[in-house]
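Biologist: Could you show me the model, so that we can go through it question by question?

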Amino acid sequence: MNTRFNQIVVIGCGKAAKEILNIANDFKGKYNYELIFIEHEIAALSNMQNICRTKEIQYEQLTDRSILSQRLLAMHTPTLIISAGNYYIFPKSVIEQQNIEIINFHNALLPKIPGRNATTWALYLNEKVSGATWHYVVPNIDAGAIIAQKEVAITEDMRAWELSKKITDAAIELFSSFFMQLLQKHITGTVQHADKTRKIYYSHEIPENGICSINMPPENIYRLLRSMDYGKNNVFPPARIILSDGSAATIKNYFKAPKEHCLDTRCIMDDNNQFLYIALSDKYELRITLKNDKVHN
Amino acid sequence: MEEKIIKMLQEINEDIIDYQGENMLADDLIDSFGIIQIIANLEDAFDIEIDAADVTTENFGNKNKIFGFIKSLITE
């Protein structure tokens with residue numbers, strides 16, 4: 001079969017990169033292209049090097065941005081770069097190279113929520129729907145024409161990692177649906193009509209700076225905690241809460257449970273200042289375990 | 001304890017129970033989200049806190065490694 005590309009490069013980490021690489025590898029024989037995997041950020045428990053070794057895929061670990069840029073600029077053959085779970089921002093010189101086409105998986109429904117940690121912001125902004133977007137990479141962040149999108153519903157108690165998993169699954173399914181077509185001809189895509197003043201989220205930004213107050217509406221506290229919850233992947237520093245005496249403590253963990261401690265009160269703290277219970281509704285309360293690091297502001 | 005953990009692992013992938021290898025992530029029986037899910041469930045079920053630094057193949061490579069690791073946390 002004919003393809004427009006002699007070479008396909010997958011850049012990224014995590015499940016998205018792994019599954020996209022598997023799909024690209026499945027078509028390698030049929031379309032006869034070279035396949036390269038570049039690991040720029042190495043996720044905890046990453047097994048990409050082993051996978052590449054087993055499947056005889058060329059593997060390159062390029063954690064230095066400038067070395068990675070030089071490597072891409074040195075590619076002179078028709079190349080498709082697939083960015084999935086990737087935090088390297090492609091420089092203009094790479095994007096504008098004639099022989100290179102770049103597509104990226106973004107974890108929100110563009111043009112909404114461009115930039116980093118889109119899953120967090122979708123939850124924090126109380127969106128009811130988010131999703132996966134595949135788009136062409138252009139010099140402006142997440143602004144290229146949209147190739148495909150798939151919605152994912154945001155459910156009531158969803159945490160960031162749970163939404164992230166569903167969006168990743170949607171992205172993988174979407175990629176399978178257009179990849180063969182993309183190999184053969186350029187997909188025009190839908191131009192994004194984004195407001196020029198649209199907010200782009202950067203990696204240093206955290207909702208509410210990661211600090212909630214006991215005086216906030218309980219559902220907002222719960223939503224903030226869920227929006228920052230990536231399990232053991234420390235995407236953000238641990239959230240903190242300002243207590244009624246003005247002191248602040250780090251939140252160790254939290255969960256929603258049937259009401260037991262807040263039957264007649266909005267919130268209650270145990271005698272050791274270790275557990276905080278906040279009424280969420282008629283039926284539920286939020287149980288928060290605090291670290292022993294209370295400081296007065 | 002082991003029964004509870006087996007149930008959690010079965011929810012993710014039944015094949016994990018019979019897996020005899022050393023690294024179920026490398027062998028594609030579980031993905032990174034599955035590991036997050038297991039940890040969240042273990043913390044809730046056994047009222048423990050698992051340190052991010054302990055999320056290694058030595059502690060999460062197969063079901064027996066998880067049994068041993070959780071046992072060590074509970075008896076600490």
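The questions below go through the two chains of this predicted model.

Biologist: How many helices and strands are there in chain A, and what box do its C-alpha atoms fill?

Modeller: Chain A has seven helices and 14 strands. Of its 297 residues, 36% are buried. Along the principal axes, the C-alpha atoms of chain A fill a box of roughly 70 × 40 × 30 Å.

Biologist: Among contacts in chain A between residues at least 6 apart in sequence, what share joins residues at least 24 apart?

Modeller: A contact here needs C-beta atoms within 7 Å. Of the contacts in chain A between residues at least 6 apart in sequence, the share that joins residues at least 24 apart is 66%.

Biologist: In what order do the seven strands of the open sheet in chain A lie, and which are the edge strands?

Modeller: The order in chain A is β3-β2-β1-β4-β5-β6-β7, with mixed pairing. From one strand to the next the twist averages 15 degrees. An edge strand pairs on one side only, and in chain A this holds for β3 (58-61) and β7 (146-153).

Biologist: Why does α1(A) count as roughly parallel to α6(A), and what is the hand of the crossing?

Modeller: The axes of α1 (residues 14-31) and α6 (residues 160-184) of chain A come within 10 Å and cross at roughly 25 degrees. Angles under 35 degrees count as roughly parallel, so α1(A) is roughly parallel to α6(A). The crossing of α1(A) and α6(A) is right-handed.

Biologist: Which residues meet between α1(A) and α6(A), and how do they divide by class?

Modeller: From α1(A) the residues include Ile20(A), Ile23(A) and Phe27(A), and from α6(A) they include Ile172(A), Phe175(A) and Phe179(A). By class, the contact of α1(A) with α6(A) has 10 nonpolar, two polar and two charged residues.

Biologist: Where is the cis peptide bond at Pro111(A), and which residue does it join to Pro111(A)?

Modeller: Pro111(A) lies in the loop between β5 and α5 (118-124) of chain A. Omega is about 15 degrees for this cis bond, and the residue joined to Pro111(A) is Leu110(A).

Biologist: Is Asn209(A), with its positive phi, buried or exposed?

Modeller: Asn209(A) is in the loop between α6 and β8 (211-213) of chain A, and its phi is near 55 degrees. Because Asn209(A) has 11 C-beta neighbours inside 10 Å, it counts as exposed.

Biologist: How do α1(B) and α3(B) cross?

Modeller: The axes of helix α1 (residues 2-12) of chain B and α3(B) come within 10 Å and cross at roughly 150 degrees. Angles over 145 degrees count as roughly antiparallel, so α1(B) is roughly antiparallel to α3(B). The crossing of α1(B) and α3(B) is right-handed.

Biologist: How many residues of chain B are in the contact with chain A, and which helix gives the most?

Modeller: Chain B brings 16 residues to the contact, and chain A also brings 16 residues. The side of chain B that touches chain A has 10 nonpolar, two polar and four charged residues. The helix of chain B that gives the most to this side, with eight residues, is α3 (residues 32-46).

Notes. Residues numbered from 1 in each chain as written. Chains lettered and ligands numbered in written order. Predicted model: local features only at pLDDT ≥ 70, side-chain atom pairs only at ≥ 80, totals over all residues. Axes fitted to C-alpha atoms, helices over the stretch in contact; angles between N-to-C directions. Helix = DSSP H or I, 4+ residues; strand = E, 2+ residues; numbered from the N terminus. Parallel < 35°, antiparallel > 145°, perpendicular 65-115°, else oblique. Left-handed = near helix turned anticlockwise from the far one by under 90°. Contact = placed C-beta atoms within 7 Å. Nonpolar A, V, L, I, M, F, W, Y, C, P; charged D, E, K, R; others polar. Pairing = 2+ DSSP bridges. Buried ≥ 20, exposed ≤ 12 C-beta atoms within 10 Å, placed from the backbone.
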